Amino acid sequence: MKLTNNQYQDPTLKDWIIRTASLLFYLIVIGLGALFLFPDYWHWWLLLFIISTILMAINLNRNYACRCRDCGYEFEVSFLVNLISPHGVDNEGSWQWVECPNCRKRVKATVIKVIKDA
């Protein structure tokens, strides 16, 4: 966890649309890559998959943080945590399975938007 002066807010409809569109673009690129690159050029598809996954994690790391559903603490997580932790959507919104640095519980933390320092 890194300490910042960033402020946070709940994602807006525009944020949901942008995130969904980028996820669909990612899936289309990976799917078309699999269609055209398998089986002869599988190593290029693997490289495409790794690079696009890293770019998605970088985007998530720069623009989103987490809010603990138990204690309400808001925090940012590292790139590696964003890359390997489970993510999902439920009736309370987007979530990420992480450990809260405040209450030290592993929880489904709500994903919130980062408002960058002015």
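Me: Which helix gives the most to the lining of the largest pocket?
Reply: H1 does, with six residues. A pocket here is an open set of points on a 1 Å grid over the protein atoms alone, where a 1.4 Å probe fits and protein lies on both sides within 12 Å along at least five of seven lines; a lining residue has an atom within 4 Å of a point.

Me: What sort of model is it?
Reply: The model is predicted: local features need pLDDT of at least 70, side-chain atom pairs need 80 or more, and totals for chains, interfaces and linings use all residues. Numbering starts from 1 along each chain as written, and side-chain values use heavy atoms, without hydrogens or water.

Me: OK, how many residues line the largest pocket?
Reply: It has 20 lining residues. Nearest its centre lie Arg19, Leu23, Met56, Leu60 and His87.

Me: Which elements give two or more residues there?
Reply: Helices H1 (13-37), H2 (42-63) and H3 (79-84) do, along with strands S4 (87-90) and S5 (93-99). Helices (H or I, at least four residues) and strands (E, at least two) are DSSP runs.

Me: And how much space is in it?
Reply: About 520 Å³. That is the space filled by probe spheres set on the points.

Me: New topic. What volume does the second largest pocket have?
Reply: About 150 Å³.

Me: Which residues line that one?
Reply: Ser22, Phe25, Tyr26, Val29, Leu48, Ile51, Ser52, Leu55 and Met56.
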